[in-house]
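Biologist: Before we use the labels, I would like to hear what each one rests on. Please set the values against the definitions.

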Amino acid sequence: MVTQEEILLYIQNIPPAPSVVKQTLDYVRVGDLTKAAKCAEEDPALKLYLKTLVNRPIYGFRNEVSDLSQIFSILGVSTAQQIMYNYLMSLLAPKAWKLFSLDNHAFYDLQASLSRKWEKILKHLQLLNHDTESAITLLPASIIVCDALFAEHKSEVEQLRSVKALDYNTILYRLSKLSLFDVCTEIGTKWEMSPSIIRIVHAASGADSTISGNEKILAQWMHLLLFYELSQSTYVSAGLNEFVEFQIEFVQDIYESFMQVVGNDESNS
């Protein structure tokens, strides 16, 4: 079964951000989207990712957008930063998913859907800025980590889940005293993400009692968004619907507001 040593080795082996990606992200952070687009042109994999993601149906463009300067211009600074972090997450994604019945197209759709809904939530809360918008990008990393750590122990994990009805996050914590969100914190630190992003995502587990103020509000909405998204049929079929424990008490005071914001988003899509 998974040990703390295996987890630490996994974290150690996470690659640093590629130099071109890091430079592109630096240009985005200071608002120079023209230089960001020119820099991104130097990385064929990043270029393909941007085109593929932005032209997913969730973004709603009628005609294919292929020019990087146009893509960055359409996205704007905050969303461009968010998508650059999404790209970093995609570098961790497995070529073949073993624990969850996912492929990378489904994973990209999950990234895009979370991002679009999160932007609408932030506008509703009047808390939209570069860092809060980018906070959602680290959340799918927990899914990648779970698949990576449990893939070789799939039968053991499934047996444990069937007997004790435990979610993946609880299993990992009981085995190693580290949660999926702890591992995501380490990933965010390694990729030099904002401390605020890291705190919000860690608290999105619903089990962090140290967070307060706007960061707690954002963590509540992120926790509920994760469960809402993973309850969609595609992700239920993939085995993601029992990913982490749903903390009802943590989100009960925002549930009605959440459904008004995200429910309207679904009905208008």
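Biologist: Why is Asn 86 called buried?

Modeller: Buried means under 20% relative accessible area, exposed over 50%, and partly exposed in between, with a 1.4 Å probe and protein chains only. Asn 86 has a relative accessible area of 1%, so it is buried. The model is a predicted one, where local features need pLDDT of at least 70, side-chain atom pairs count only at pLDDT 80 or more, and totals for chains, interfaces and linings use all residues. Residues are numbered from 1 along each chain as its sequence is written, and side-chain values use heavy atoms, with hydrogens and water left out.

Biologist: Where is Asn 86 placed, and what does Asn 86 touch?

Modeller: Asn 86 sits in helix α5; helices (H or I, at least four residues) and strands (E, at least two) are DSSP runs, numbered from the N terminus. Leaving aside residues up to four places away in sequence, Asn 86 touches Tyr 49, Leu 53, Gln 111, Ser 115 and Thr 137. Contact here means heavy atoms within 4.5 Å.

Biologist: Which residues of α4 are buried, and what makes them lie on the same side?

Modeller: In α4, residues 44–54, the buried ones are Leu 46, Tyr 49, Leu 50, Leu 53 and Val 54. They cover an arc of only 110° around the axis, so they are on the same side of α4. The arc is that of the directions from the helix axis to the C-beta atoms. Pro 44 and Leu 48, on the other side of α4, are exposed. The cover over the buried residues of α4 includes α2 (19–29), α3 (33–40), α5 and α6 (104–125).

Biologist: What makes up the largest nonpolar core?

Modeller: A nonpolar core is a set of buried Ala, Val, Leu, Ile, Met, Phe, Trp, Tyr and Cys residues joined through side-chain atoms within 4.5 Å. The largest one has 98 residues, and Phe 72, Phe 100, Ile 187 and Phe 243 have the most contacts inside it. Helix α5 (residues 68–92) gives the most to this core, with 12 residues. Among the residues that Ile 187 touches are Ile 14, Met 89 and Leu 138.

Biologist: How do you know that the chain agrees with a compact globule?

Modeller: The rule for a globule is 2.2 Å times the number of residues to the power 0.38, with the radius of gyration taken over C-alpha atoms. For 269 residues a compact globule would have a radius near 18 Å, and the chain has 18 Å, so the two agree. Buried residues make up 52% of the 269 residues, and the chain has 16 helices and 0 strands.
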